[in-house]
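Please have the sequence and the model open side by side. Here are my notes for a first reading.

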Amino acid sequence: MTQECDVVVIGGGPAGSTTSTVLAGRGHRVVLLEKEIHPRFHIGESLLPANLPLFEKLGVADEIRAIGMEKWGATFVSPWHERTSGFEFGDAIDPSMPMAYQVRRSEFDETLFRRAARTVAEAREGCRVREVDLGGGDRRPEVAATDADGTVRRWRAKFIVDASGRDTFIGNRLKLKRRNPDHNSSAMFGHFRNAKRDEGRAGGNIIISWFEHGWFWFIPLKDGITSVGAVVWPYYMKARDRPLREYFLDTIGLLPPLAARLADAELVAEPQATGNYSYEMDACQGENYILVGDAYTFIDPMFSSGVMLAMNSGFAGADVVDARLSADKSAEAKARARFDDVMRKGPQAFSWFIYRVTNPILRELFMFPSDRGGMKKAIISVLAGDLFGNTYVKPGLRRFRLAYYLFSLAHLRRALVGWRRHAFNIRDDSDMRPSRG
């Protein structure tokens with residue numbers, strides 16, 4: 001039997017749960033489908049201050065506060081400099097969002113999903129979407145999915161939201177997905193007990209450490225566990241000639257300051273690895289569908305932008321669906337234009353830094369930050385995720401980019417070496433496949 005509904009949302013992560021909650025709150029009949037069963041493991045534990053107003057809008061602020069480790073800023077470590085550098089979110093242009101959280105994604109994602117489940121018409125876990133007919137003209141979209149027990153379920157909807165994350169369900173089927181030509185990275189990660197953290201308020205900060213083959217994250221969680229990961233160039237992952245656990249620990253050993261933090265720590269679970277990190281779609285929407293969150297694009301996680309961009313896309317996407325279901329063509333056109341802008345603006349803002357952050361020129365500017373012309377405040381605003389409100393960051397960012405290009409010209413040989421090295425590092429490595437051991 002095919003059931004009728006207004007919207008089917010594919011994926012119960014932050015983007016899907018956010019979109020579902022907003023649409024259900026506006027009176028639409030929403031079906032939310034998640035292939036796994038919460039709580040389920042997910043990497044990406046670091047949030048941004050711009051997430052906090054979204055939690056308030058969804059009504060989950062207190063629940064997130066209860067599971068989160070306070071994060072007031074970030075620390076950068078470079079083996080090529082005899083110092084560390086850092087920033088606090090409170091020093092941004094708008095100081096009203098001075099902190100964020102580090103969270104266990106299993107707890108965080110489940111919190112958002114349960115919030116949606118209390119609101120939507122139907123929320124199903126362990127239900128994997130198998131087929132989608134996007135419809136067209138007078139023919140409505142249809143979705144077929146399979147429960148864990150093999151039961152096949154079908155829905156006829158008016159609209160479909162793809163929030164399937166890196167599965168990119170619709171993008172793959174429409175052949176919209178393509179590699180990011182400007183970036184390519186892989187990652188391996190694990191969780192440690194008794195890692196040495198910084199003292200005081202800085203104890204919850206994310207620590208980002210560069211090394212020869214990429215960079216490390218160090219994310220303290222509230223339960224005493226610390227998430228540690230290495231984002232590396234594909235050639236380094238492909239060169240692995242021993243078990244992942246051994247390779248991961250040996251990689252940590254390449255960075256003595258990080259190794260010292262983990263000298264007395266215990267690896268509490270087997271490490272995991274993944275490849276083909278960065279991609280994007282040729283379009284984020286069509287007549288009867290939109291792509292939100294990682295279903296549209298995924299960029300290097302260095303600046304913890306993933307969850308914020310996913311949730312923000314859920315709010316913007318809900319406006320598109322709401323206007324479409326209300327048959328308001330003028331409102332729909334405006335909502336679609338804004339949605340397209342939102343989906344491109346966030347990744348573009350972070351990508352400019354990500355594509356250059358392993359370049360020695362940009363690394364120098366990060367390790368010796370200047371606030372001439374409001375440059376540092378503007379950068380902190382971007383790293384806080386303050387991209388979609390009223391904060392005017394463009395003048396400071398323009399000055400920072402100008403400083404980067406002028407510094408590159410002044411140190412042209414060094415800059416060229418960095419650019420050539422980056423081009424070598426991101427070369428296509430099509431044989432890379434996700435690995436778990």
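1. **Ground rules.** This is a predicted model, in which local features need pLDDT of at least 70 and side-chain atom pairs count only at pLDDT 80 or more, while totals for chains, interfaces and linings use all residues. Residues are numbered from 1 along each chain as its sequence is written, and side-chain values use heavy atoms, with hydrogens and water left out.

2. **The sheet.** Start with the open sheet of 6 strands, in the order β8-β3-β2-β12-β22-β21. Its pairing is mixed. Strands are DSSP runs of E, at least two residues; helices are runs of H or I, at least four; both are numbered from the N terminus. Two strands pair if DSSP finds at least two bridges between them. At the edges are β8 (122-124) and β21 (285-286), and each pairs on one side only.

3. How many bridges join β3 and β8? There are 3, and the two strands pair in the parallel sense. V31 stands opposite E122 in β8.

4. **Helices on the sheet.** Helix α1 (residues 14-25) lies across β2, β3 and β12, at about 165 degrees to β3. Helix α9 (residues 306-325) lies across β2, β12, β21 and β22, at about 175 degrees to β12. These angles run from 0 to 180 degrees between N-to-C directions; axes are lines fitted to C-alpha atoms, for helices over the stretch in contact.

5. **A histidine in a loop.** Find H28 in the loop between α1 and β3. Is H28 buried or exposed? H28 counts as buried because its relative accessibility is 14%. (Buried means under 20% relative accessible area, exposed over 50%, partly exposed in between, with a 1.4 Å probe and protein chains only.) Its side chain makes a polar contact with the side chain of D322, at 2.6 Å. A polar contact is a pair of N or O atoms within 3.5 Å; within protein, one must be able to donate a hydrogen and the other to accept it, and residues adjacent in sequence count only if both atoms are side-chain atoms. Leaving aside neighbours within four places in sequence, H28 is in contact (heavy atoms within 4.5 Å) with D6, L23, D322 and L325.

6. **A covered helix.** Helix α12 (residues 375-383) is mostly covered, with 7 of its 9 residues buried. Among them are M375, A378 and V382. The buried residues pack against β6, α10, α11 and α13. After α12 comes G385, with a positive phi near 85 degrees.

7. **Aromatic pairs.** The structure holds 23 aromatic pairs. Rings of Phe, Tyr and Trp (its six-membered ring) pair if their centres lie within 6.5 Å; planes under 30 degrees apart count as stacked, over 60 as edge-to-face and the rest as tilted. F76 and F87 form a tilted pair, 6.1 Å centre to centre with 35 degrees between the planes. F76 is in strand β5 and F87 in strand β6, 11 residues apart. F76 is buried at 2% relative accessible area, and F87 at 11%. The F303 and F353 centres are 6.4 Å apart and their planes at 80 degrees, so this pair is edge-to-face.

8. **A ring cluster.** Ring pairs link a cluster including F76, F87, F303 and F353. W210 and Y404 are also among its members.
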